[in-house]
Amino acid sequence: MRNAICTFCGNACDDIEFDGFVGKNLCPLGEAKFSAKQRIEGPVVNGERVSYEEAIDRAVEILVNAKRPLLYGFASTVNEAIRLGVILAEKLGGIYDQCSSVCHAPSTLAMIEEGIPGGTLGQAKNRADVVVFWGCNPVEAHPRHPSRYSVMAKGFLTKGRQYRHVIVVDVRKTATAYLATEFYQVKPGYDYAIFSALRSIINGHEDAVPDEVGGVSREKLKEFADILVNGKYGVIFYGLGLTHTRGSDRSVENLVKLVQTLNRHTRYIIQPMRGHFNVVGASAVAAWEAGYEYAIDFSRGHSRFFPSEFTAVEALIRRDCDAALIIASDPAAHFPKRAVERLTEIPVIQIDPHPNITTLIADIVIPSALVGIEAEGTIYRMDGIPLRVKKFKETEYWSDYEILKLMLDKVIRLKGE
Amino acid sequence: MASKPVAGYGGVIILLVMKPRVDFEVNVEAEITPELAAKPFEEIKQFKVYYGNRLVPLEELFEIEKKGDDEILILEGDFSRVKWIGKSMEKGEVVIKGDIGAHCGAFMKGGKITVEGNADDWLGAEMEGGEIAVRGNTGNLVACPYWGNLKGMKGGRITVYGNAGNYIGEKMCGGEIEIRGDAGDFVGTEMKDGKITIHGNCGYVGGDMKGGEIFIGGSFEVVPAFIKTDDGFIGDVNVKGKGKVKALK
Amino acid sequence: MALQIKNGIVVDPKNGISGEKMDIFIKDGKIVEEVKKNCRVIDATGKLVVAGGIDLHAHIAGCKINTGRAMRPEEMRFVRRKSNGLRAAVGRTLLTSPAIGYEYAKMGYTTAVDPATPSLYVIHTHEELDSIPIIDKATLPLFGNWHQVMRYSADKDIEKLKSFVAWVLERTKGYGVKLVNPGGVEAWMYGGNVHTLDDAVPGFGVTPREIITSLIAAVEELNLPHSAHIHCNNLGMPGNYETTMETIKLAKGFENRDRQVLHVTHVQFNAYTGSSWRDIGSGAEEIAKLVNRIESVTIDMGQPIFGHATTMTADCPWQFELHKLAKAKWCNRDIELETGGGIVPYVYRAKNAVNSVQWATGLELGLLVDADKIAISTDYPNGGPFNSYPYIATLLMSKKFRDEEMKKAHPYIEKATSLPSIDAERTIEDIVKMTRVTPARVLGMKNKGHLGTGADGDVAVYDINPMDYNSSNFQAILKALKNPLYTIKSGEIVVKDGDVVSEVWGRTYWVDVRDKTTTELIERDLEEYFNYYTVNRENYGVEERWLQNPLRVMAG
Ligand code: SF4
Ligand SMILES: [Zn+2]
């Protein structure tokens, strides 16, 4: 299989050549993802092996009787399955939430405030002469990003590394910082203030900026502002360093405001460095089906958006859900302790190709086909560009789509609609 | 059991008392205002609230006692998992003897809410008038606008005797907020008018502030977009703002 | 089962029927001569029976509207009525995909075309189209700022351009050729714009005039069912009607027996006189004269509706201007070597002089341009919700209603537009043309917009008698148009008494003209060009089998 798509990180590299399980062009992260791993053998209900149909029946029974079932995960499956997940949440009167809520939700909240002046990764490759990495470390988290899209990419107008000014801003000297032309080390939690300071300088109000902001001297900040304004086309990539910092959503919002300001002088776009390969699809599908990207409650029959209450973590901590369906995710390993405690108290249904920590607490476990190898469908790269992941290996496992389809059919029948 | 007379009501007990009857399986959304207290008792008992995806009558979840016809609502016990109490209320009074859930007093236009315990997030969100007093602490987003809306608190008064969380008075256009204890980050972001007083410490103050006044008793961090004046700061310069941030005397 | 719509008063201008009592029969999704048995009967005695409505320009799917939804939760909090068992439907002017299908059906519409998809994002557009229930649909890929197009236009190489158009339509499963501010979006990549048809596009030397005429030539030689479809340069700016007139005149050099050679869209936004916001006025009268005179041009209104809207176009530089003007949030997306897109929320205020001029200008166009040359549109959601079409139709049909509504608008319109002095009232037949016949012809959809044998079984029945209604009783007209007694899609009753009662799934039209040219011509260019893409050529575009219900149209 040529031109296959790597289903690990938000780069969604589409030049992978597969020969069985060995993929050419994969980076170490991609290789780890595709190396043969333990699979869940078959559907299990309370420790007993059952058929797919039976496991789904039992799952549906739990879900329709719940007062507010939580449906969570989705960032590592295809849009076709995600769509059914959203509709299932609607028909059940439950919550639809996806992995964004623990990574780039602040970006959505910032967009709600100010919008996002963005573009495709190809803009960085073809046009950018200034590339900024703010609180992100692609060398370790998105290994092929620098060569495919940003730092070294050979573009139409920007022909390579020597034509780009690369800036890294982070709280420590990361691996990516070693690729940079300039590195600014900032104090943790001061991104918001630094964005305001840069805006003040660019807007001609140096007098409002104290001698030092967030560990960076005013002189340094002026120099930084100068580089930014003098770029012809700049791209600012930002990551969890920003979305997981103090005042995360307001920090991203302030970055957006900085980019708005920069666009009054030259051209700039920003791009969040999204983690899972289809976390963007998990947002987008929900938006067209229900109007919002995550933290959607359907208890009243229609969608409502309350990220302060209906993200998976909040709903669990607030004890506001009484059953959970987890798809292609491992909340038991990654959620805060109080949220995991609640997960252990309520019935949990898991759909996943591989066993993980969540499997240990799940009452029903339904194995699924591997997306991008055993199951096809559409995914969205970090910049929203849609790609079709391929199926090139036959399997006995049901795909996420097939599992959710049968669940939805049964729920609709039970609800008599 | 109904409690002691409400302060300020001359000892006359004429009110509706509610108490949780069950340990909730999921949280309750009860859009109840004091007006309910004036309704016939049968109607009150049948009043529908959201219990997850079910609509259930009030009496299924709460013990209810009615004494008189005045618009006073007394909530006894733990209401920390009951949301939207006092939503859009226009008159009358709510007294919460313990903790209260999120969105208490959202869109409130008049009347009074007293919380003797702690309040959750979104206290007095988009409030237009009336008064809210919280004896304990509050969560995040006090008096903020809901996502995508352009105006926060427009009028009325909120007093919190304890501490408050992050995001206070965002996009505030009028009214007053007073926090007697400490507050978190982002006080008065994009504020246009009105007054916020924090007696204790807080984090970032005044980002993109256009107008209004913020007084702070303890330590705080003004965003680097304010000009120092004789008695404090004025900004945010990035939005040509004339907001004032001053030390509380 | 077959369907008989009995005793209705049929208005079917394309077939020369203007208010005749007759029966309409539908079998297997198509209009047939007659069905004798096994036929469900709908009584339409004394009611208006027409073909299903067609929206030829509404941004109903793809990354723009979807980013709009995500950015505007304040738009999504409105819950719409629906029947049990159907999907929840929410949204004020921005709607979810299920709501879009339902709201179209609820006003008797059965077809809508998304007019602007960036090809790189086309899979997304089709996913959303496939999530819209009931209606038939299609999408037009954006060409006007594509590097390849600008290169071929600069070289005057129409053969290569034809080959490229055919390649793109096949790869995108697109229906036609859309241009948005040709050249201007590429200039925006450096913070600029183009301002006249003869400004050079930075880096290419080509002019908007050359891009437009080259693409018209390519479309005509390929004889696509739909002509080139253009959003003109200088949209939104005072004085822009001159650019629009010049653009319209570019159609003079071409001819087509069946249809126009250029469709100029949402003309209201491009029909202003004046030199600033202070002296802005309507250029609608002059534009209407020109459009009526030039055989080969059609337009649609782009009517703004007082209230909320969300502007979204590929016209990035304009969206940035609007972000600054309206001081509103702003999404932008620069799309490598192809196009771009921007989104800004907007409110049209009756009290505002400029907004009132816009409102009046749209209506002038709707009243002054021949009914077979103009279609009703709001450029959804740019001018406002599409479900205000009954309101627009009623304004056009009733002078009294216009007078009432004009009282709410800013008095500046008396000076700046001719609307107050127009007494004309559109007939029901005119409205049927502007919402059915004309859009069907503009799009080249021969089975749509009429009720002749073989036409699609898409029908709307309204509670109004076209032979006997009073134009000053505008409330009755509005109510009838807003609440069809029946909407029938492919022979299935989907709306009854104004409510959606069942869901069917429509088709996605796309055009295949690969047999009119050969990809060989551009093979080497494509190879070179994909070096600069971040998606491999093999992963570019959409396969027919990925669509739920594709309908391939061979041109010519
Ligand atoms: S960079 Fe990401 S998408 Fe590309 S191969 Fe590595 S893990 Fe896979
Ligand atoms: Zn448009």
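Is A:K391 buried, partly exposed or exposed? Keep in mind that this is a predicted model, then select A:K391 in the loop between β21 (386-389) and α17 (400-415) of chain A. The relative accessible area of A:K391 is 37%, so this lysine counts as partly exposed. Now show what surrounds that side chain: leaving out residues up to four places away in sequence, A:K391 touches A:I373, A:E374, A:A375 and A:E376. A:L370 and A:K391 are 21 residues apart in sequence, while their C-alpha atoms are 8.8 Å apart in space.

Next, bring up chain B alongside chain A. The contact involves 49 residues of chain A and 43 residues of chain B. Together the two chains bury about 3,600 Å², with 44% of that area on carbon and sulfur atoms. How many salt bridges does the rule find across the interface of chain B and chain A? There are 16 salt bridges. For one to zoom in on, pick A:E309 and B:K83: they form a salt bridge whose closest N and O atoms are 2.8 Å apart.

Stay with chain B and select B:T138. You'll find B:T138 in the loop between β10 (131-134) and β11 (157-160) of chain B. B:T138 has 7% relative accessibility, which means it counts as buried. Which residues is B:T138 in contact with, leaving aside neighbours within four places in sequence? Show B:A119, B:L123, B:V160, B:N163, B:A164 and B:G165.

Now over to chain C and the metal. Select the zinc ion (ligand 2) and display its donors: C:H57 (NE2), C:H59 (NE2) and C:D379 (OD) coordinate the ion at 2.0 to 2.1 Å. Along the chain, these donors follow the spacing H-x1-H-x319-D. Are C:H57 and C:H59 buried or exposed? Both histidines are buried.

From there, select C:I60. Along with A:M407, C:I60 has the most contacts inside the largest nonpolar core, which has 349 residues. Apart from that core lies another, of 21 residues, including C:L235, C:A328, C:V354 and C:V357. As background, nonpolar side chains in soluble globular proteins tend to be buried together.

For the last stop, colour chain C by domain. Domain 1 takes in 2-51 + 451-500, and domain 2 covers 53-443. The C-alpha centres of these two domains of chain C lie 29 Å apart. Their contact takes 31 residues from domain 1 and 33 residues from domain 2. Between them, the two domains bury about 2,500 Å², 67% of it on carbon and sulfur atoms. On the domain 1 side, select C:F474, C:K489 and C:V500; these lose the most area to domain 2, together 25% of what that side buries.

Conventions. Residues numbered from 1 in each chain as written. Chains lettered and ligands numbered in written order. Predicted model: local features only at pLDDT ≥ 70, side-chain atom pairs only at ≥ 80, totals over all residues. Heavy atoms only, no water. Donors = N, O, S within 2.8 Å, 3.2 Å for Na, K, Ca; no water. Buried < 20%, exposed > 50% of the residue type's maximum accessible area, 1.4 Å probe, protein only. Helix = DSSP H or I, 4+ residues; strand = E, 2+ residues; numbered from the N terminus. Contact = heavy atoms within 4.5 Å. Core = buried A, V, L, I, M, F, W, Y, C linked by side-chain atoms within 4.5 Å. Domains from an automatic or database assignment. Buried area = accessible area lost by both parts, 1.4 Å probe. Salt bridge = Lys/Arg side-chain N within 4 Å of Asp/Glu carboxyl O.
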